[in-house]
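Q: I would like to go through this model feature by feature. Please give the general idea first and then the case at hand.

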Amino acid sequence: MPAPQWLPAWSRDEGAERVRALFGRTFHDDGETGPVPGTPAGVWSAPGRVNIIGEHTDYNSGLCLPTALPHRTYVALRPREDDVVRIASAQTDEPWTIRLADVRAGSVSGWGVYVAGVAWALREAGHAVRGFDAVIDSCVPFGASLSSSAAIECAFAVAFDDVFGLGLGGSDLGRAQLVAAARRAENEIAGAPTGGLDQSASLLCTEGEALLLDFRPGLPADAFAQHVPFDLASAGLNLLVVDTRAPHQLVDGQYADRRASCDTAEAYLGLETLRDIDPADLDATLDRLAPFDVEDSLRRRVRHVVTEIERTAEFAALVREGLGADGVVDEERAARAGALMNASHASLRDDYEVTVLETDLAVDTCVAAGAIGARMTGGGFGGSTIALVRAGDVETVAAAVAEAFAAQGLTAPGFLAAPPSAAAGRDA
């Protein structure tokens with residue numbers, strides 16, 4: 001039987017030391033932009049995220065319930081007096097450089113777009129952001145539906161806020177402006193049409209809590225993002241993330257196609273957003289779509305969105321009530337939470353059609369091995385799954401998934417423990 005491959009998170013001190021050392025090696029011969037060659041102005045980091053429930057609902061003005069991972073992206077940065085950007089990453093041998101004046105939609109490519117895009121978006125919003133030298137290192141698995149790109153964007157967002165004195169990082173209201181800049185970077189410069197969930201989670205989550213996000217337009221900050229206590233350890237539970245190693249990309253057209261389907265359905269129904277559909281009227285609404293939907297795809301997309309928003313609201317209510325205490329699981333509430341996760345995955349598989357062999361296998365195996373519930377997490381078409389598991393069953397469930405993948409001849413998956421963790425901030 002193959003042993004599960006665990007992907008541990010670095011400690012904050014370890015992550016900071018890694019990027020300090022990388023900065024020193026990268027810029028040690030370059031003293032003209034700072035008084036001490038090879039010394040950054042500071043170190044900042046931002047977490048990846050895992051979405052517990054509420055998938056493909058953010059861009060439909062719906063509800064999502066993410067938490068931040070303990071796995072983070074670390075940035076060491078030093079500002080410059082000009083508008084030149086020079087960045088290097090431990091994950092690639094190719095440094096990346098550009099002038100901020102040359103950054104605009106469709107004008108840049110390569111991994112550095114996620115970095116330069118945030119600087120561009122903040123400048124577009126009227127903030128005085130200059131050039132900088134920076135390095136990146138990360139323990140957030142890349143391409144695993146765990147928001148590795150948003151972690152990069154948000155680590156740089158808090159770094160820019162700090163070194164350029166923007167004054168946005170001290171409140172949820174200010175951080176919402178950093179969210180907007182990071183989202184613009186991903187949408188307009190990187191070309192990925194995401195809905196804001198990932199950046200919101202990375203910048204707004206708190207340790208020990210889930211974040212209930214309501215994307216209905218025009219809500220104040222305290223209604224858009226509500227912190228919900230989610231102390232899994234006291235409930236005798238864990239979140240087990242499975243990185244299926246099935247490649248996941250948001251810029252290959254599939255994600256955009258699902259979003260376009262929702263826009264088309266809204267137009268046919270004469271609605272501003274699918275959030276406006278009353279769940280009690282769902283069947284009648286789907287009947288109204290029938291004449292425009294020969295292949296039944298629009299109706300299935302709409303059904304997923306409406307029912308997923310309902311599931312997310314109910315799951316958040318269960319979390320508020322508590323899934324257990326003093327290390328003892330509340331079996332009734334936990335079972336209902338698990339059923340909502342299972343139903344979410346089935347809807348993503350059958351109605352939204354964004355799962356793949358690996359994510360289906362991971363979910364089915366987790367449940368068969370004793371998980372209370374499991375589902376695909378993230379945009380889909382590969383990536384990761386998440387399972388709600390009794391604390392004593394984590395190793396058993398992980399071993400079962402590793403064995404199932406080996407039996408199918410698939411690449412061995414990776415496993416992450418996922419206690420709700422802290423948002424982006426300064427480390428040193």
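A: Start with burial: a residue is buried under 20% relative accessible area, exposed over 50%, and partly exposed in between (1.4 Å probe, protein chains only). Asp214 has 14% relative accessibility, so Asp214 counts as buried. This is a predicted model, in which local features need pLDDT of at least 70 and side-chain atom pairs count only at pLDDT 80 or more, while totals for chains, interfaces and linings use all residues. Residues are numbered from 1 along each chain as its sequence is written, and side-chain values use heavy atoms, with hydrogens and water left out.

Q: Which side chain meets that of Asp214 in a salt bridge?
A: A salt bridge is a side-chain nitrogen of Lys or Arg within 4 Å of a carboxyl oxygen of Asp or Glu. Here the partner of Asp214 is Arg275, at 2.8 Å from N to O. Asp214 lies in strand E7 (residues 209-214) and Arg275 in the loop between helix H7 (254-269) and helix H8 (282-289), so the pair ties together parts 61 residues apart in sequence. Helices (H or I, at least four residues) and strands (E, at least two) are DSSP runs, numbered from the N terminus. Arg275 is buried as well, at 15% relative accessibility.

Q: How many salt bridges does this rule give?
A: The count comes to 31. One of them joins Asp133 to Arg86, with the closest N and O atoms 2.9 Å apart. Asp133 belongs to strand E6 and Arg86 to strand E4, so this pair links parts that are 47 residues apart in sequence. Asp133 is buried, at 0% relative accessible area, whereas Arg86 is partly exposed at 23%.

Q: Which residues does the network around Arg300 and Asp296 join?
A: Arg300 and Asp296 form a salt bridge at 3.6 Å, N to O. Salt bridges that share partners join Asp293, Asp296, Arg299, Arg300, Arg301 and Glu353 into one network.

Q: Is helix H2 largely enclosed or largely open?
A: Nine of the twelve residues of H2 are buried, so the helix is largely enclosed by the rest of the structure. Among the buried ones are Val113, Trp120 and Leu122. The buried residues pack against strands E4, E5 and E6 and helices H3 and H4. Just after H2, Gly126 takes a positive phi of about 95 degrees.

Q: What does Ser347 touch?
A: Contact means heavy atoms within 4.5 Å. Leaving out residues up to four places away in sequence, Ser347 touches His304, Thr307, Arg311 and Tyr352. Ser347 lies in helix H10 (residues 331-350) and is buried, at 6% relative accessibility.
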